[in-house]
Amino acid sequence: MVRIVPVASGKGGVGKTVLAANLAVALARLGRVTVLVDLDLGASNLHTCLGIKSSSTGLGALAWRQERSFDALVMETPVPRLHFVPGDGLLPGTANLDHSIKRKILKGIASLPADFAILDLGAGSSHNVVDFFLASSRGLLVARPETTSVLNAYSFLKTTVWRLLFRAFPRGGQERARLAEFAARRLEGSGSSFLDLADLLAREFSDSAAAALGELRSFVPRVVLNQGRSRADVELGSRIRAIAGRNLGIGVEYAAFLPEDASVPHSIAEREPLVLTRPEAPYSLAVADLAARMAAEGPDSPPRLALDDEDLASLAAAALAAGADPAEGS
Ligand SMILES: Nc1ncnc2c1ncn2[C@@H]1O[C@H](COP(=O)(O)OP(=O)(O)O)[C@@H](O)[C@H]1O
Ligand SMILES: [Mg+2]
């Protein structure tokens, strides 16, 4: 079965697209059949990172109902074992994607005859973006080691957790009504926390809530810290895990620490994935390391990416040493 790896972030411009492209190339180079899907509809630019022209039919054609089959959109790339599903630059954004089209895309992705499907998502927390992120219980969440980016990542997780719970209960059921009521009260500032909500659900709806809360427990998103410059950045990154654990009661893992690397913008200008043109660049090494750990993780085996704060610190040390970044130790 294909392993779906959505790549999301709270805000745009944090490096999702570059990561999706380089990670997919690295997985293909490790022998894994990989499909890269451009789901940043309305602002699609993944093809530029791959050096592919934008003229091919993409997901927009499904949305406009000019094309009926998702499979027909999968195209070859110059990289062996790497396939690509173009997005669309004209759609008014993922947020406005029709429900039935979203289901069709998700179904198409889930039945791809591939090892990995890497989804480059749009920024923000609209239902559609969140639903694509929830296509896996271990999606990648990209953040920069800055307070605003960390808070944006946390907001994204909060929205996602609400959405997950909401979807875990039957349509039209009392549970959903209770959730909506709780959310409204919270907006008024009554101060009840998300964990109080979990308690309340467990008390009032013991059977359905047990299943829903079980789903919540198996949701363990993975944070990628991008554009790290110093070891101190690790600390900011570990705040995401701390607040998500404390306020939402969910576990968060780290997937990688990717260093700030001047050759990244250069590779975008050249329209070539950095892991291909400069595999020895610090960014390439860190992405290749992530790809190797993902490839070693079997579809049903326990997660191997379960990095804790100390593991992240040692990854950061290695990534920064590879670049001999002048900011190191500052
Ligand atoms: N590790 C990095 N080092 C240096 N620049 C980076 C790095 N990651 C991303 N960038 C730059 O950040 C910009 C935004 O990246 P992009 O992948 O388009 O973000 P997003 O898809 O999240 O909007 C790009 O111009 C890219 O060159
Ligand atoms: Mg992008």
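Biologist: Hi! Let's start with helix α4: what span should its twelve residues have at 1.5 Å a residue, and how far apart are its end C-alpha atoms?

Modeller: Happy to start there. Helix α4 covers residues 99-110, and at 1.5 Å a residue its twelve residues should span 16 Å. The end C-alpha atoms are 17 Å apart, which agrees. Do keep in mind that this is a predicted model.

Biologist: Noted, thanks. Which residues of α4 are buried?

Modeller: I101, K102, I105, G108 and I109 are the buried ones in α4. Around the axis they cover an arc of only 130°, so they sit on the same side of α4.

Biologist: And what does the face turned away from that buried side carry?

Modeller: That face of α4 carries R103 and K107, which are exposed.

Biologist: Nice. Let's move on to α8: which of its residues are buried?

Modeller: Helix α8 runs over residues 194-204, and its buried residues are F194, L197, A198, L200 and L201. Looking down the axis of α8, you find these buried residues within an arc of 165°, so they line one face of the helix.

Biologist: What about R178, where is that one found?

Modeller: R178 is in helix α7, residues 174-187.

Biologist: Does it count as buried or exposed?

Modeller: R178 counts as buried, because its relative accessibility is 18% and the cut-off for buried is under 20%.

Biologist: Which side chain does R178 have a polar contact with?

Modeller: The side chain of E204, with a polar contact of 2.8 Å between the two.

Biologist: Good, now the ligand. Which residues come nearest to ligand 1?

Modeller: There are 16 residues around ligand 1, and G13, K16, T17, N226 and D261 come nearest.

Biologist: How do the residues of that shell divide into nonpolar, polar and charged?

Modeller: Seven are nonpolar, six are polar and three are charged.

Biologist: What lies close to the oxygen atoms of ligand 1, say at 2.8 Å?

Modeller: An N or O atom in the side chain of K16 is 2.8 Å from an oxygen atom of ligand 1. For T17, a side-chain N or O atom is also 2.8 Å from an oxygen atom of the ligand. As for V14, a backbone N or O atom lies 3.1 Å from an oxygen atom of ligand 1.

Biologist: How much of the ligand's accessible area does the protein cover?

Modeller: On its own, ligand 1 has 570 Å² of accessible area, and the protein covers 80% of that.

Biologist: Last one: which elements give two or more residues to the shell?

Modeller: Those are α1 (16-29), β7 (222-228) and α11 (263-270).

Terms used:
Residues are numbered from 1 along each chain as its sequence is written. Chains are lettered from A and ligands numbered from 1 in the order in which they are written. This is a predicted model: local features need pLDDT of at least 70, side-chain atom pairs count only at pLDDT 80 or more; totals for chains, interfaces and linings use all residues. Side-chain values use heavy atoms; hydrogens and water are left out. A residue is near a molecule or strand if one of its heavy atoms lies within 4 Å of it. A polar contact is a pair of N or O atoms within 3.5 Å; within protein, one must be able to donate a hydrogen and the other to accept it, and residues adjacent in sequence count only if both atoms are side-chain atoms. Accessible areas come from the Shrake-Rupley method with a 1.4 Å probe; for residues, only the protein chains shown count as cover. Helices (H or I, at least four residues) and strands (E, at least two) are DSSP runs, numbered from the N terminus. Ala, Val, Leu, Ile, Met, Phe, Trp, Tyr, Cys and Pro count as nonpolar, Asp, Glu, Lys and Arg as charged, and the others, Gly among them, as polar. The expected span of a helix is 1.5 Å times one less than its number of residues. Buried means under 20% relative accessible area, exposed over 50%, partly exposed in between (1.4 Å probe, protein chains only). The arc is that of the directions from the helix axis to the C-beta atoms.
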